[in-house]
Amino acid sequence: MSASIVGPVIEVPGELAASQEKFNGAAGRAFVAGLPRRAEEFLRRWELRRDGPAMHGVCALVLPVRRAGGDRAVLKLQLPDEENAGEAAALGAWAGDGAVRLLAHDEPTRTLLLERLDERRALTGVPDARAAVEVLAALLARLTSVPAPAGLRRLGDIAQRMLERVPRALGRIPDAADRRLVADCAAAVREAAAEPGDRLLHWDLHYGNVLAAERAAWLAIDPKPLAGDPGFELLPALANRYDPAGTLWRFDALTAALGVDRERARAWTLGRVLQNTLWDLAEGRPPEPVRLAVGRALRA
């Protein structure tokens, strides 16, 4: 393969290196050190040519590329971890219906070749918040209509682990009202846990994870796949671009679009509030106020 296929030497952005150091320690440092070689390996293996500056999030390096036939794509390089386990399986199950299309993948390294969307146009840029909610609701309805492939993490297991952590967590919340809310969230999860669901969930569908595309107005990216109840998907749409007066309207719009039972969706959304609160406490942070406010609105 000629050197022109590979293109310029890969430089890892400092922000990505810093986030890998923060969240993954030695494994993150090793991943960053090996990124240039890994990128060159897959550029050669899949006959790709660099086609623009590198992009990155907290965890992954994304290279715009062109395939041998000239089609535009992106190469996503990431450290295998629990969050991206099953990402290729989920994208394959959706087959481009509501989500970015998977073109190739390497399971041992979790390297993905994806269709290229318009990274300059995310749903966060739509000024009408209600219109953005309706887009997200329509995408969620399509994505959660698909049965989860075998082998994904399951909401029932996650719910059980959350409930086991609640007694200790409550002792770390100084505000009595916040403690009552978190206890109520746990009670809602206990009631719903017997039927955790079997749909394919994105688990991180907020407005920044929806990009414009040529073949569809909007498509979802970057799933953290999970098998479970669609009600567990709703919190990002409620807490991002937060509007206290619009919380219940958003919840009703989402549950109507998904065709789910409102009370079950309420219970699993409170479960998502519980999950995020447990994460905050584990990181030594106080519970995030916006998510608690969403929980209070739904509890009431």
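This is a predicted model: local features need pLDDT of at least 70, side-chain atom pairs count only at pLDDT 80 or more; totals for chains, interfaces and linings use all residues.
User: How many residues line the second largest pocket, and which lie nearest its centre?
Analyst: The second largest pocket has a volume of about 400 Å³. Its lining is made up of 20 residues. Those that lie nearest the centre are Arg72, Arg116, Leu117, Asp118 and Glu214.

User: How many cavities of 30 Å³ or more does the structure hold, and what space lies in the largest?
Analyst: Rolling a probe the size of a water molecule over the atoms shows where empty space is left. In this model one cavity reaches 30 Å³ or more. The space in the largest cavity comes to about 40 Å³.

User: Which residues line the largest cavity, and which elements give two or more of them?
Analyst: The lining of the largest cavity consists of Gln78, Asn84, Gly86, Glu87, Ala88, His105, Asp106, Glu107, Arg110, Thr111 and Leu112. By class, this lining has five polar, four charged and two nonpolar residues. The elements that give two or more residues to the lining of the largest cavity are helix 3 (87-94), strand 5 (102-106) and strand 6 (111-115).

User: How many disulfides does the structure hold, and is Cys185 buried or exposed?
Analyst: A disulfide is a covalent bond between the sulfur atoms of two cysteines, and the number of disulfides in this structure is zero. Cys59 has a relative accessible area of 35% and is therefore partly exposed. Cys185 has a relative accessible area of 1%, which is under the 20% cut-off, so Cys185 is buried.

User: What distance separates the end C-alpha atoms of helix 8, and what span should its residues have?
Analyst: Helix 8 (residues 247-258) has 12 residues, and at 1.5 Å a residue these should span 16 Å.

User: Which residues of helix 8 are buried, and what arc do they cover around the axis?
Analyst: The buried residues of helix 8 are Thr247, Arg250, Phe251, Leu254, Thr255 and Leu258. They lie on the same side of helix 8, because the arc they cover around the axis is only 125°.

User: Where is Gly197 found, and how many Å separate Gly197 from Gln275 in space?
Analyst: Gly197 sits in the loop between helix 6 (176-192) and strand 8 (199-201), and its relative accessibility of 33% makes it partly exposed. Along the sequence, Gly197 and Gln275 are 78 residues apart, whereas in space their C-alpha atoms are separated by 17 Å.

User: What is phi of Glu47, and what is phi of Arg241?
Analyst: Glu47 is placed in the loop between helix 2 (14-45) and strand 1 (49-50), and at 39% relative accessibility it counts as partly exposed. Arg241 is placed in the loop between helix 7 (235-239) and helix 8, and with a relative accessible area of 28% it is partly exposed. Each is a residue other than glycine with a positive phi: for Glu47 the value is near 55°, and for Arg241 it is near 50°.

Terms used. Residues are numbered from 1 along each chain as its sequence is written. Side-chain values use heavy atoms; hydrogens and water are left out. On a 1 Å grid over the protein atoms alone, a cavity is a set of points where a 1.4 Å probe fits but cannot get out, and a pocket is an open set with protein on both sides within 12 Å along at least five of seven lines; lining residues have an atom within 4 Å of a point. Grid points are joined across faces, edges and corners, and a volume is the space filled by probe spheres set on the points. Helices (H or I, at least four residues) and strands (E, at least two) are DSSP runs, numbered from the N terminus. Ala, Val, Leu, Ile, Met, Phe, Trp, Tyr, Cys and Pro count as nonpolar, Asp, Glu, Lys and Arg as charged, and the others, Gly among them, as polar. A disulfide is a pair of cysteine sulfur atoms within 2.5 Å. Buried means under 20% relative accessible area, exposed over 50%, partly exposed in between (1.4 Å probe, protein chains only). The expected span of a helix is 1.5 Å times one less than its number of residues. The arc is that of the directions from the helix axis to the C-beta atoms.
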